[in-house]
Amino acid sequence: MNDKNMTENWTAFVRGHRRTGSDVQFIERTRQDAQQSMGKELQKLILTAPTSQQDLARTELAGFEQLFGRYLQETGPSVLWDKIKLLPEGGAKPYNDLARPETAKVKDLLDKLVVLKLNGGLGTSMGCKGPKSTISVRNELTFLDLTVQQIEHLNRTHGTDVPLVLMNSFNTDEDTLKVLQRYGKLQLQIHTFNQSRYPRINRESLLPIGNSFTSDNTESWYPPGHGDVYQSLVNSGLLKQFLDSGKKYVFISNIDNLGATVDLNILNFLMEQEQPPEFVMEVTDKTRADVKGGTLVEYEGKLRLLEIAQVPKEHVDEFKSVSKFKIFNTNNLWISLDAIKRVTDDQSLHMEIIVNPKTLDNGVNVIQLETAVGAAIKSFEGAMGINVPRRRFLPVKTTSDLLIVMSNLYSLHTGALQMNPKRSFPQGPLVKLGSHFSKVKDYLSRFSSIPDMLELDHLTVSGDVTFGKNVSLKGTVIIIANHGDRIDIPAGALLENKIVSGNLRILDH
């Protein structure tokens with residue numbers, strides 16, 4: 001039987017969940033064949049690495065092989081819908097119940113903290129080259145600039161030495177290290193480590209598509225999601241270093257979440273508990289814009305992160321319900337360093353596998369096996385959520401998000417964005433910019449200046465639209481230029497609860 005037929009039979013049986021006696025034996029044999037074939041290919045890949053890198057290659061590929069084995073073994077849904085329970089009372093503590101620490105305690109609290117930013121992503125989805133963290137978001141300052149400013153200000157204000165750690169990927173490491181050189185004179189120790197580099201798997205043969213560990217063909221490899229942070233932090237030696245220096249907790253967040261600043265109230269809460277929770281997930285109230293976000297539920301007596309990809313199709317609308325599942329994960333996480341050591345040492349860390357199918361430029365269909373950092377919540381003792389204000393979730397994933405954070409809705413103070421007190425509502429507006437704005441360069445060219453959005457509720461822009469200087473947008477504004485038409489919003493225009501469509505062009509003369 002050739003590999004392709006073997007794979008087709010294997011996947012058909014998994015998808016069909018047929019379980020006669022002979023079927024079970026067949027599945028087990030084909031699973032073992034696939035695992036053994038992968039093991040042989042990984043050994044070949046290790047031998048292609050330079051001698052100095054072979055230990056690293058062996059460690060990383062051992063992690064991949066374990067994940068691949070789980071992928072072959074685990075069949076059926078990762079959760080059974082009927083077993084899902086809504087979060088119990090007290091499962092997510094209200095942020096307003098947290099006490100602010102006394103000033104005299106702040107230094108001691110911060111001395112036990114490490115800040116880790118997930119910095120593995122590229123800016124390609126916004127039309128930029130290099131790490132996403134190097135995109136300018138406000139006053140020509142990048143995500144990385146703002147993060148460094150925040151931590152440096154914290155250290156200077158309280159006389160502490162909170163370290164900043166960046167988890168890079170092989171896609172972002174080289175460029176990030178170049179940028180870090182300019183922070184050399186600041187009162188801040190910055191550490192970096194790389195998340196693992198895993199081989200992409202041919203969907204037909206279930207074997208790696210690459211044949212060399214040192215290959216420049218980056219299409220053969222991928223960073224396996226931010227769930228890799230636990231083992232990669234251990235592998236880097238930094239976990240031991242931080243534990244040896246008396247650190248207790250790590251605050252992990254996405255580098256593109258501009259609301260994810262160090263919160264002294266949360267840190268104080270963690271340190272005050274007789275039995276401190278090993279894992280705290282910041283959640284916030286769900287709005288219509290967040291219906292696809294993962295939520296916290298109770299499952300088999302433990303807190304669990306439920307992602308939309310795990311939800312059976314017939315229950316997706318129920319999952320999206322703001323009235324039933326009222327909160328979602330911000331991916332701001334506070335985790336005990338001792339607990340990370342324990343769950344990695346005893347291999348009790350468990351995260352659901354995310355199967356990410358892709359088609360490469362050469363037409364080859366591949367799969368990537370990934371994990372998410374928040375999914376590990378069920379592996380920690382005393383895990384809980386804290387329901388935080390919306391201001392702690394300010395991600396910039398698109399140019400629509402960029403417009404919001406560049407506007408007068410926010411002001412910048414020592415690297416942290418703060419909502420303009422003149423804004424009547426605590427939440428920002430819903431903004432949807434069309435495909436003409438999707439790349440940062442195009443987006444910037446379409447605004448002579450960023451509009452006044454202080455009283456804006458909803459903005460939708462579609463088609464070939466440009467904005468003059470000093471435009472004000474209030475209420476609900478919808479601007480739609482049909483195909484072949486163009487709309488120029490003139491300088492000084494006030495649009496309040498307006499729909500603009502058709503063709504509008506103001507020419508200077």
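Analyst: Lining the largest cavity are Lys 117, Phe 143, Thr 147, Gln 150, Ile 255, Asn 257, Leu 258 and Ala 260. A cavity here is a set of points, on a 1 Å grid over the protein atoms alone, where a 1.4 Å probe fits but cannot get out, and lining residues have an atom within 4 Å of a point. This is a predicted model, in which local features need pLDDT of at least 70 and side-chain atom pairs count only at pLDDT 80 or more, while totals for chains, interfaces and linings use all residues. Residues are numbered from 1 along each chain as its sequence is written, and side-chain values use heavy atoms, leaving out hydrogens and water.

Helices (H or I, at least four residues) and strands (E, at least two) are DSSP runs numbered from the N terminus. By class, the lining has 4 nonpolar, 3 polar and 1 charged residues; Ala, Val, Leu, Ile, Met, Phe, Trp, Tyr, Cys and Pro count as nonpolar, Asp, Glu, Lys and Arg as charged, and the others, Gly among them, as polar.

Now to an open space. The second largest pocket has a volume of about 1,100 Å³, a pocket being an open set of points with protein on both sides within 12 Å along at least five of seven lines. It is lined by 32 residues, and those closest to its centre are Gly 120, Gly 121, Leu 122, Pro 223 and Gly 225. Strands E3 (113–119), E10, E16 (354–359) and E17 (365–370) each give two or more residues to the lining, with E16 giving the largest share, 3 residues. This lining divides into 10 nonpolar, 15 polar and 7 charged residues.

The UniProt record (an unreviewed entry) lists Lys 132, Gln 195, Gly 225, Asp 256 and Lys 397 under "binding site"; its positions follow the numbering used here, feature names are shortened, and annotations may be inferred rather than shown by experiment. These residues, Lys 132, Gln 195, Gly 225, Asp 256 and Lys 397, are included in the lining of the second largest pocket.

Asp 256 sits in the loop between strand E11 (249–254) and H9 and is buried at 7% relative accessible area; buried means under 20%, exposed over 50% and partly exposed in between, using a 1.4 Å probe and protein chains only. Beyond four places in sequence, Asp 256 is in contact (heavy atoms within 4.5 Å) with Lys 132, Phe 143, Leu 394, Pro 395, Val 396 and Lys 397. With Lys 132 there is also a side-chain to side-chain polar contact at 2.8 Å: a pair of N or O atoms within 3.5 Å, where within protein one must be able to donate a hydrogen and the other to accept it, and residues adjacent in sequence count only if both atoms are side-chain atoms.

Gln 195 lies in the loop between strand E7 (190–194) and strand E8 (198–199), and its relative accessible area of 7% makes it buried. Its contacts beyond four places in sequence include Gly 120, Pro 223 and Gly 225.

Methods. Points joined across faces, edges and corners; volume = space filled by probe spheres on them.
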